[in-house]
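This report describes one chain of a predicted model. It covers the fold of that chain, its domains and its contacts with a partner chain.

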Amino acid sequence: MNEELKAVWASFFNWVMGNGPRPENEVIPAEPPPALPFTQKPKDKYSRFHEATLKERYSQWLEIHGLHLFSVLYSGVSVLLCIVLVSLLLATVAELPPFGHERNPANNEVIERYVKHGGRETGAQNIVAGLILDYRAFDTFGESSVLFTAAVSVLMILGASRRNSLKDDSKPHTHDPESGILQRGPPLMHHDDAILRGVASLSIPVILMMGCVVVINGHLSPGGGFSGGAILSTALILAANAYGFGKVHAFFSERTFIVSSSTALMIYALSKGYSFFTGANHLHSIIPKGTIGNILSAGLILPLDICVGLIVAGTLYGFYALFSEGDM
Amino acid sequence: MTNIFAFNIPFVSIFLMMITAIITPLVPDRNRLPEKLSCYAIGIVGVLSAYLLYALTNSGQSIAFNFAMGHYPAPWGNELRAGPLEAVLALVFSVSMLLSLLGNFSSTQEDIAPARRNIFCVLVNLLTAALLALTYTNDLFTAYVFIEINTIAACSIVAVKEGAETVRAALRYLVMSLVGSGLVMIAICLLYDLTGHLLMQNMHSAIQVLVVTKNYMMPLTVSLGLITVGLAIKSALYPFASWLPDAHGSSTNASSAILSGLVLKGHILTIIKIFCRVFGLEVIHALRMDTVIFILGVLSMIMGSVHALREKNVKRMIAWSSVAQVGYIFMAMGLNTTAGVAAACLHIIVHACVKPMLFTSAGGLSNAAGHKKGLHALMGTFYVNKWAGLGLIAGACSMMGVPAFAGFASKLSIMLASFDSQFVVWVIAALALSSVLNALYYVPAVIVIMTHNEDARRNFTASAPTKLYNFTMFMFLMLNFYLGLFCMPLLRLITRGVNVL
Amino acid sequence: MLEKLLLNHYEAAAVILSGIGLTNLLLQRNLIKKIIGLNIMDTAVYLFLAAKGYVEGRAAPILIQAEGGGWVTNPDVYVNPVPAGLVLTGIVVSVSVTAFALALTLRLYEHYGTLNIDEALMKMTEQQEDIEAKISQAEEDVLA
């Protein structure tokens with residue numbers, strides 16, 4: 001018994017080490033005549049598959065199939081995860097309060113005050129504007145800071161240091177076929193297009209006016225700083241495309257962008273800081289609320305909308321310029 | 001709160017950092033003025049937080065207070081809330097941030113291109129502001145907004161050092177973080193729909209009603225699960241931590257120290273607040289989330305160390321060790337008692353002090369070895385930069401849990417907290433195994449740096465460490481010993497803070 | 001359950017959309033497609049919020065002028081304004097994150113010539129191996 005076990009163990013050990021007996025149906029090639037010592041080639045590791053040890057075989061197998069197996073496994077797991085998540089969420093949605101019902105938990109005393117006293121307390125006809133720029137102004141300040149964070153990050157990543165590294169490249173955009181690394185040429189030249197210029201000269205004033213109206217009427221109608229700023233930025237982008245970036249740079253350079261958005265955000269922070277401070281300490285705020293429905297009403301909401309509009313217009317145009325030109 | 005000055009400190013410190021961040025792009029980039037400005041601002045925040053802590057512990061009245069952001073009271077406007085726990089954390093975060101910046105003052109200059117230094121300071125200020133806001137906020141949606149600031153700023157201080165590797169690491173970090181943000185956002189929407197509030201305390205009372213009446217239990221469980229998983233991805237709990245070693249290992253030393261020591265903590269703190277202040281520990285237990293957190297924490301402790309064992313690069317090794325340490329925090333939270341949460345908070349503080357020290361000393365040592373990061377290249381560097389060597393040794397002892405070092409205090413408090421819970425055997429086994437695993441990779445590192453290596457020593461061309469570096473390491477060491485030797489008053493303070501969270 | 005799902009069909013659609021977005025974010029190898037997946041997910045959340053703010057038969061939350069002058073401030077007239085505010089914040093966050101992710105992607109493409117993050121990893125390892133081989137070769141040369 002003991003001997004048998006030993007024999008089994010020995011054969012297993014040999015198999016693991018790759019020295020085991022060959023399968024019976026394998027054709028063993030005739031032994032080549034022994035070569036002279038100096039002509040003998042070193043043994044190729046992979047041509048004699050059965051001689052490799054288990055570990056070598058595993059690493060060889062992993063080299064060939066590992067990446068594929070990993071990607072298949074990863075896709076399988078993530079598909080499964082997504083299916084589980086979606087079905088879980090669907091089951092959740094079925095349990096949620098019914099759609100559009102007026103007695104849902106969300107329609108509570110909080111909403112009641114926003115609607116009932118919102119006009120009187122904030123002076124804004126647009127309840128949402130009063131909500132985001134007065135009741136919950138800290139969230140909105142954080143949100144403008146998110147945009148500011150992204151703007152400085154993109155400026156850092158695509159800005160000055162990248163320009164310096166790309167400047168001496170005068171070749172056009174090509175792919176180096178061997179390394180696959182992109183050789184970047186000079187920025188795309190602006191094409192003088194008569195139709196684009198004609199359309200732009202007609203539409204830019206209209207777009208600018210539309211943007212200003214949306215910004216300034218933020219407390220009276222749908223819109224406000226973010227949407228108005230986005231409209232204003234399209235005018236800048238159109239101008240850059242029609243007349244070339246140089247024309248826009250003349251009045252809106254990187255420095256102008258940094259100075260204007262920092263200043264606008266600073267005004268935002270200081271004025272909101274004032275109202276947070278007075279509010280928390282139960283002090284009287286000197287800012288008049290005005291009459292609902294007038295342009296000059298709603299206390300700080302109008303100036304804040306203008307600040308936010310400036311930040312958003314500059315940032316969105318800045319993103320466009322940095323992505324297309326690597327410059328602004 | 002009768003002390004008007006202390007009452008305004010949470011608001012003032014957040015706004016001070018925000019305003020510093022906003023004016024930094026306009027500051028001329030001469031004599032490293034932006035960095036000095038950031039350091040002063042963070043220092044002022046540290047002093048203010050210390051005063052707030054003093055005022056809170058010495059006031060006889062209610063120990064936590066709410067601060068309405070604006071003219072509208074609680075459920076209508078945003079709110080901040082400060083108690084002893086928040087004050088301690090703000091103090092620790094600002095001190096640790098300041099020391100991370102000071103200790104890596106010269107390596108920052110070497111690693112970051114001049115055109116980017118200004119923006120690096122903006123990002124550091126924004127990160128500090130976001131951390132303070134996450135510490136003090138009492139509103140779930142404000143927390144979401146500042147989590148996003150934290151995420152973007154954290155990814156871009158990874159990419160602040162030029163190079164292909166950092167860009168790849170930052171992208172990986174960003175993609176993982178965005179999955180987390182998406183889940184958190186869905187969960188917040190669900191919670192708003194169920195409770196009709198975004199303010200944490202009002203949500204708490206609404207959830208209590210739902211639990212008592214057994215309404216909407218399924219959506220409640222799902223939203224808790226989503227928010228926990230989303231924040232766990234951002235705070236690098238094990239199965240979701242694959243992004244961490246790349247991001248923390250490849251960036252400049254100051255970034256690594258800030259990311260590992262502080263940014264992860266902001267997200268963990270948010271989870272703690274959601275558990276204690278929004279849901280309440282009984283509800284967490286009823287929804288079985290404590291067991292999930294506990295298991296994931298133990299897994300993270302073991303697997304983080306196992307991965308660290310296989311690393312040859314010293315910074316990546318320390319980064320994986322962060323995963324293990326995050327596991328400790330989650331395991332302590334999984335005990336689901338006040339003592340457990342207090343122990344988790346103590347470990348947050350300990351890790352926020354020790355991990356920046358480890359990264360700073362690793363930076364100093366690899367600087368001494370001529371910017372090589374492989375462990376074998378650091379042989380004998382202890383004798384070139386003694387303070388960095390001492391820092392690494394103290395950090396290693398702390399991570400292993402040697403008595404008198406900071407890590408010992410928090411491990412002890414986790415163990416003490418576990419005696420009341422069902423998991424006591426598991427906690428002790430996991431702590432023992434994890435300490436052995438920590439020793440398995442920190443002890444060789446210490447031995448390597450202390451091995452005499454005359455050949456290499458002649459080749460070391462590094463500049464001598466600056467006085468500022470030595471001073472910072474000294475401060476880190478003092479902090480470490482203080483936490484290790486006198487942690488009991490701190491633990492009592494934290495427990496009081498957790499009770500009024 | 002199906003009945004309830006039909007009742008909440010906007011939310012159900014939002015949830016399915018966010019699942020599609022998440023699948024894209026996890027499965028796509030191409031970073032641009034990943035970012036598109038992210039945007040689908042965000043949009044799904046806005047749809048969800050917009051559906052949650054709606055109340056049957058009520059007007060948009062902008063004060064309406066009453067007939068005899070003054071303003072209608074009856075809470076039963078307007079829909080819930082809070083989700084609109086949340087959607088606004090969500091949109092700005094998503095714009096910022098998208099721009100930042102695209103900027104990083106552009107840099108990755110300039111460094112590696114690929115939009116696939118795994119391929120970039122492979123190229124980086126190859127480059128490192130090349131460098132290490134060169135260093136060891138140089139060391140051998142010096143020794144020789």
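## Burial and overall form of chain C

Of the 144 residues in chain C, 42% are buried. The model is predicted, and this value, like those that follow, is computed from it. The radius of gyration of chain C is 26 Å, whereas a compact globule of 144 residues would have one near 15 Å. Along its principal axes, the C-alpha trace covers about 100 × 40 × 20 Å.

## Secondary structure

Chain C contains five helices and zero strands. Read from the N terminus, its elements follow the order α-α-α-α-α. When contacts in chain C between residues at least 6 apart in sequence are considered, 52% of them link residues at least 24 apart.

## Domains

The domain assignment divides chain C into domain 1 (2–113) and domain 2 (117–144). The C-alpha centres of these two domains of chain C are 47 Å apart.

Contact between the domains of chain C involves four residues of domain 1 and four residues of domain 2. On the domain 1 side, the residues comprise three nonpolar, no polar and one charged.

## Interface with chain A

Chain C places 49 residues in contact with 54 residues of chain A. On the chain C side, the elements that supply two or more residues are helix H1 (2–7), helix H2 (9–27), helix H3 (31–53) and helix H4 (82–112). H4(C) provides the largest share, with 18 residues. By residue class, the side of chain C that touches chain A consists of 33 nonpolar, ten polar and six charged residues.

Terms used
Residues are numbered from 1 along each chain as its sequence is written. Chains are lettered from A and ligands numbered from 1 in the order in which they are written. This is a predicted model: local features need pLDDT of at least 70, side-chain atom pairs count only at pLDDT 80 or more; totals for chains, interfaces and linings use all residues. Two residues are in contact if their C-beta atoms, placed from the backbone, lie within 7 Å. Helices (H or I, at least four residues) and strands (E, at least two) are DSSP runs, numbered from the N terminus. Ala, Val, Leu, Ile, Met, Phe, Trp, Tyr, Cys and Pro count as nonpolar, Asp, Glu, Lys and Arg as charged, and the others, Gly among them, as polar. Domain bounds come from an automatic or database domain assignment. The radius of gyration is taken over C-alpha atoms; the globule rule is 2.2 Å times the number of residues to the power 0.38. A residue is buried if 20 or more other C-beta atoms lie within 10 Å of its own, exposed if 12 or fewer, and partly exposed in between; C-beta atoms are placed from the backbone.
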